[in-house]
Structure formats: structure tokens, C-alpha cells
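Subject: Structure handover

Hello,

Here is the structure for your files. My notes on what was found follow below it.

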Amino acid sequence: MESGPLQELSLKTLEKGAWINIVSPTPYELKVVSNLTEVEPDFLRSALDNEERSHIDVEDNSIMVLTNLPVMRGPEMYDTLPLAIILTSEHIITVCLEDTPVISEFNQQISNNFRTFKKTRFLLQILYKSATYYLRYLRQIDKLSDEIEIRLRDSLQNREILRLLELQKGLTYFNASLRSNAAVLDKLMRIRLNHTVQGIIKVYEEDEDLLEDVIIENKQAREMGDMYSTILSRMADTFSSIMSNNLNLVMRFLTAVTIILAIPTAISGFFGMNVAIPFSDDPMGFIYVSVLAIFLAGCCAIFLWRRNMF
């Protein structure tokens, strides 16, 4: 509203400067809002596609800014979700498939920090809040990757490798969204000077500063995302090499043991033949053969040990 505290309105009591927040709408709800605000139905449906990338569309009486918000699907699962922010001469409309933390932060408790009738500033505040959530989740990913690295140093288990893979997937989503969000911000910088949309987007000096802050935060998030992606990728490659090296060590050890055990087996097979052989009539023959087998196996073990086969 243009004055007074933040209060909830219905579509029947809608006022100029109101914020219409639509979450997981039905086709009927989209039709009602479209008729009421004279916004293109395609604008309202844009955010209902999970694969939609960030972009800006301009019509005669409205501007749609589609951005991707960061979301958490689980303790270590990160994803992005499209949010459509539509500005008209009288209202600001947000459309999303889910209720996200970014939008939930704009509530009655912090109503003194934003005004819905200041549509351009409110748009930039949403984009700024989105960038801060990217930074928050990226720091969480960094801490989780450090924890996984410590665990992998002690024991290379499939569970930790899968956790690392899940973080890499989340970072991939973040990096792609941050790049497309940066393109939106660049276009927003240019479009604010367009005379045809100045009736919808009015940028004041404070808004210019806020837009610069949004660009800086988004750039920082992009740099952090790229850096953490590189770290996780190299970490995965390193531990993959370690696992391969450990497997080689195990195979080398088993090969050495097989060679050592083959010597007593060969000797016992030789002296077990049903023909005339040395020590066949000697009561101490078994002991002689056993000592010989142990001696040769020991010599072989020492030789292999010196060759670093153990």
C-alpha cells in the first residue's frame, strides 16, 4: 500500500501499490489475476516451468523480470527455482511454484524495511535478498565440503563420495542461475534508461545504489560458486586418484602374497609325487621339506619386500 502499515488484501479489495504474491497457482487463479491486472497470461505462467532461465520481457503496460532463486531440498541438497516479478503501473506481482525463504522474508515483521508501492525498489530488494541467500548457501556448501574432505581422509566410503556428488550438482545449478541472473541485471541496468518503460520503472538515486549492491552481491556469489566448483571438482579428482592408487596397492600386495604362497605349494606338490624322490625313506623328510619350503618362501618374501611389493 502507498501509506500505512503492511496489511493483507484480497483481490476484491485490491488497491494501487499492492503486492500480489501467487504461489503454485491454478489456471483459474492465473486467469483471474490476468483479467484484474491486465497482465499477459504468458508472463504469469513463465515461472511455472522449472527449466525457465532468467530473462526480462517488456510489454506496453508491464515488465516481467524472471530470476532464479536458491532453495534447499534437504540438508545437503541445493536447487534453484524460477520466480517471476511483474511490474505494472499500479501493482507488483510475484509468481512462484513454491513458497521460498526469499519471498517469506518480506513479511509483517520487517514491513518497515520495504514498501510495495515503491515497485522498482521492492524489485531490487527481492533480487538483493536472493543474492544474499546464494551467498549463505554457498558458505554452507563450503563447510560441508570441508567436513566431507576430513571424512574422506580417514575412510574412502561411497556415502561420502555421493555427498560430494550432491554438492557438485547443487553448485552446477547455482552457477548456471547466477550467470543468467547477471545477464538480467545487466539488461536491467540498460532498460532503466528506456523512456518507454519509465512509467513502470522509476529509478531514484537510492535505487541506483541498491542496484549496484545487487550487482556486487551477485558477482561475489558467482565468483564464490566458480571457486567452490573448482575446489570440489579437484577434490573429487584427487580422491578418485587416491582410490585407484589404494586399489593398486591392494592388488600388488595380493600378487606378492600369491607368489610367496606358490612356493610351498610347488615344493609340496613336487615331494608329493608317487615316484622315487629325495628324503622319501628318511623319517625326518617331512621336516626337511617343510624347512626348505619356509626358507624359500622367506627368501622370496624378503626379495619382494625390498622391491616395495608390501
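From the N terminus on, the order of elements is β-α-α-β-β-β-β-α-α-α-α-α, that is, seven helices and five strands. Helices (H or I, at least four residues) and strands (E, at least two) are DSSP runs, numbered from the N terminus.

The model is predicted, so local features need pLDDT of at least 70 and side-chain atom pairs count only at pLDDT 80 or more, while totals for chains, interfaces and linings use all residues. Residues are numbered from 1 along each chain as its sequence is written, and side-chain values use heavy atoms, with hydrogens and water left out.

Overall figures

Of the 310 residues in the protein, 39% are buried (under 20% relative accessible area; exposed is over 50%, partly exposed in between; 1.4 Å probe, protein chains only). The accessible surface comes to about 17,700 Å², and carbon and sulfur atoms hold 55% of that (Shrake-Rupley method, 1.4 Å probe; for residues, only the protein chains shown count as cover). Taking contacts (heavy atoms within 4.5 Å) between residues at least 6 apart in sequence, 66% join residues at least 24 apart.

Nonpolar cores

A nonpolar core here is a set of buried Ala, Val, Leu, Ile, Met, Phe, Trp, Tyr and Cys residues joined through side-chain atoms within 4.5 Å. The largest one has 48 residues, and Ile85, Ile126, Leu127 and Leu188 have the most contacts inside it. Elements giving two or more residues to this core include strand S4 (77-88), helix H4 (119-154), helix H5 (158-191) and helix H6 (205-271). H4 provides the largest share, 14 residues. Beyond its neighbours within four places in sequence, Ile126 is in contact with Leu83, Ile85, Thr94, Val102, Ile103 and Phe106. Another core, of 14 residues, lies apart from the largest one; Val33, Val39, Leu44 and Val95 are among its members.

Ser46

Ser46 sits in the loop between helix H2 (41-45) and strand S2 (55-58). Is Ser46 buried or exposed? Ser46 counts as buried because its relative accessibility is 12%. Its side chain reaches the backbone oxygen of Asp42 at 2.7 Å. Leaving out residues up to four places away in sequence, Ser46 touches Glu52, Met64 and Leu66.

Annotated segments

The unreviewed UniProt entry carries the annotation "transmembrane region" for residues 249-273 and 285-305; positions are in the numbering used here, feature names are shortened, and annotations may be inferred rather than shown by experiment. In the model, residues 285-305 are 100% helix and 0% strand, with the end C-alpha atoms 30 Å apart.

Regards

Notes. A polar contact is a pair of N or O atoms within 3.5 Å; within protein, one must be able to donate a hydrogen and the other to accept it, and residues adjacent in sequence count only if both atoms are side-chain atoms.
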